[in-house]
Amino acid sequence: MSSRKRPKAQALSQLLMALAVNAVDDDPDSTTLSDVQQRLANTIAQVVKRGNDQPIVQALEGLDAEHAHDAADLVSFWADDAAQTLEIMLTSPDGPVHGTANFVVIPFFVANLGSDPLPVDLRRYPQFDGLAKSLRAHQLFGPEPTLYFSGGFYRLGD
């Protein structure tokens, strides 16, 4: 079975490489994705969804070996985008709505100079509503996404 997967992964990595090289030539000022870019993004998303990153790694290695760094950057960008995106289903009065959730990690460093212990869960603190408003005000997030803060603390040693 692994002998079957190896040629398939190799063929898929060759496809990713060809798509990426062709996508580099697309108009960088365009506000829409070209057909080639859309196919590259969709193919990478399917690979990530299956959980086998071997074709992506092979494509990146092959593009680097060919000094096609812009094409490798495209593959890397779409792989990161796919890895940060989760398909979700929300419930609305009209029925289920399919969508996506994108994960963003924003580290916070908290110093505790007093004797009060740090809280374990920050979701109960209204200051984070202000943070969400600030992220939107600075156009880091649009008005439509819903922000969720996990609010857990981890020590630097974790």
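This is a predicted model: local features need pLDDT of at least 70, side-chain atom pairs count only at pLDDT 80 or more; totals for chains, interfaces and linings use all residues.
Let me begin with Ser-13, which sits in helix α1. Is Ser-13 buried or exposed? Its relative accessibility comes to 3%, and because the cut-off for buried is under 20%, Ser-13 counts as buried. As for what surrounds it, if we set aside residues up to four places away in sequence, Ser-13 touches Pro-55, Gln-58 and Ala-59. With one of these, Gln-58, there is also a polar contact, made between the side chain of Ser-13 and the side chain of Gln-58 at 3.3 Å.

Moving on to Asp-26, we leave the helix and come to the loop between α1, residues 2-24, and α2, residues 35-50. Which residues does Asp-26 contact, once its neighbours within four places in sequence are left aside? They are Ser-34, Val-36 and Gln-37.

What is the phi of His-67? It is positive, at about 60 degrees, although this residue is not a glycine. Most residues other than glycine have a negative phi, so I would ask you to look at this backbone position in the model. His-67 has a relative accessible area of 62%, and because the cut-off for exposed is over 50%, His-67 counts as exposed.

Terms used. Residues are numbered from 1 along each chain as its sequence is written. Side-chain values use heavy atoms; hydrogens and water are left out. Helices (H or I, at least four residues) and strands (E, at least two) are DSSP runs, numbered from the N terminus. Contact means heavy atoms within 4.5 Å. Buried means under 20% relative accessible area, exposed over 50%, partly exposed in between (1.4 Å probe, protein chains only). A polar contact is a pair of N or O atoms within 3.5 Å; within protein, one must be able to donate a hydrogen and the other to accept it, and residues adjacent in sequence count only if both atoms are side-chain atoms.
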